[in-house]
Amino acid sequence: EEELSKQTMEALEKEFGKPTLTVTEIKSSGTDTKMGAGVATFNYLVKLTVVGIIFDQARLLDLAKKSFESSFAPEAFRQLAGVKESTLTYFLEDYDAKKNLAQIKVFLEGESILAPNSPILAKEKMLGLRQGAVENYLKKFDDFTSVSVRLYPFWARSLPKDPSQISVELK
């Protein structure tokens with residue numbers, strides 16, 4: 001059975017290229033000789049179905065990224081910071097050989113960050129606040145691992161009262 005599967009895969013690769021995913025189903029197997037019969041030779045019959053699924057992995061990664069981005073609810077004010085491409089994994093969930101359709105389950109790790117238009121970062125909430133007060137305000141949110149507020153000029157102690165003079169940068 002294993003050798004037949006291997007030969008079938010080699011033939012599939014020659015004709016269509018190396019499949020990204022494959023499924024091998026043993027439909028039936030057996031011998032033409034009864035068990036216990038003392039014969040020198042016998043035939044062992046195996047009926048296989050081999051399905052090869054070929055797709056562009058780069059396109060799959062792009063689709064996974066887009067799906068990841070679209071999963072953020074607008075009211076969450078989140079955006080995709082990046083994905084770990086090395087974590088892209090997938091497996092065949094279902095297929096229909098007659099319709100040439102395959103359903104693939106995809107996993108991808110990524111990180112999201114707070115979107116710049118988040119109400120948390122509204123400049124109006126920071127107008128005129130002292131540097132320490134702004135840092136304490138932002139630290140109370142789980143979205144930040146660290147907070148740094150830089151004022152210019154260096155002798156300033158509080159943020160300006162004009163929102164157009166405040167710049168928020170996320171790292």
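# Exercises on local geometry and burial

At 26% relative accessibility, F77 counts as partly exposed (buried is under 20% relative accessible area, exposed over 50%, and partly exposed in between, with a 1.4 Å probe and protein chains only). The model is predicted: local features need pLDDT of at least 70, side-chain atom pairs count only at pLDDT 80 or more, and totals for chains, interfaces and linings use all residues. Residues are numbered from 1 along each chain as its sequence is written, and side-chain values use heavy atoms, with hydrogens and water left out.

## Exercise 1

**Solution.** 
- Step 1. F77 is placed in the loop between α2 and β3 (helices are DSSP runs of H or I with at least four residues, strands are runs of E with at least two, both numbered from the N terminus).
- Step 2. N100 counts as exposed because its relative accessibility is 70%.

## Exercise 2

Compare the span of helix α2 with the expected value, then determine which of its residues are buried and where they point.

**Solution.** 
- Step 1. α2 covers residues 57–70, 14 residues in total, and reaches 20 Å from its first C-alpha to its last. This is close to the 20 Å expected at 1.5 Å a residue (the expected span is 1.5 Å times one less than the number of residues).
- Step 2. The buried residues of α2 are L60, L61, A64 and F68.
- Step 3. Viewed down the axis of α2, these fall within an arc of 100 degrees, so they line one face of the helix (the arc is that of the directions from the helix axis to the C-beta atoms).
- Step 4. An α-helix has 3.6 residues a turn, so residues three or four places apart point the same way.
- Step 5. The buried residues of α2 pack against β3 (78–96) and β4 (101–114) (contact means heavy atoms within 4.5 Å).
- Step 6. The face turned away from the buried side carries the exposed residues R59, K66 and S70.

## Exercise 3

Sort the listed residues of helix α3 into buried and exposed.

**Solution.** 
- Step 1. In α3, residues 131–139, V134, Y137 and L138 are buried.
- Step 2. Seen down the axis of α3, its buried residues lie within an arc of 90 degrees, so they line one face of the helix.
- Step 3. N136 and K139, on the other side of α3, are exposed.
- Step 4. In the segment after α3 lies P153, and the peptide bond from Y152 to P153 is cis, with omega near 0 degrees.

## Exercise 4

Describe the surroundings of I113 in sequence and in space.

**Solution.** 
- Step 1. I113 belongs to strand β4 and is partly exposed because its relative accessible area is 30%.
- Step 2. Not counting residues up to four places away in sequence, I113 touches F77, R78, Q79 and A81.
- Step 3. D143 is 30 residues from I113 in sequence, and their C-alpha atoms are 7.2 Å apart.

## Exercise 5

Identify the residues of the nonpolar surface patch that includes F42, and describe the setting of F42 and Y44.

**Solution.** 
- Step 1. V39, F42 and Y44 form the patch, with about 320 Å² of accessible area together.
- Step 2. F42 is in the loop between β1 (21–31) and β2 (44–53), and is exposed, with a relative accessible area of 51%.
- Step 3. Y44 lies in strand β2 and is partly exposed at 46% relative accessibility.
- Step 4. The C-alpha atoms of Y44 and T31 are separated by 4.4 Å, with the two residues 13 apart along the chain.
- Terms. Patches are made of residues with over 30% relative accessible area and no salt bridge, with like charges joined within 9 Å and nonpolar side chains (Val, Leu, Ile, Met, Phe, Trp, Tyr) within 5 Å. A salt bridge is a side-chain nitrogen of Lys or Arg within 4 Å of a carboxyl oxygen of Asp or Glu. Accessible areas come from the Shrake-Rupley method with a 1.4 Å probe, and for residues only the protein chains shown count as cover.
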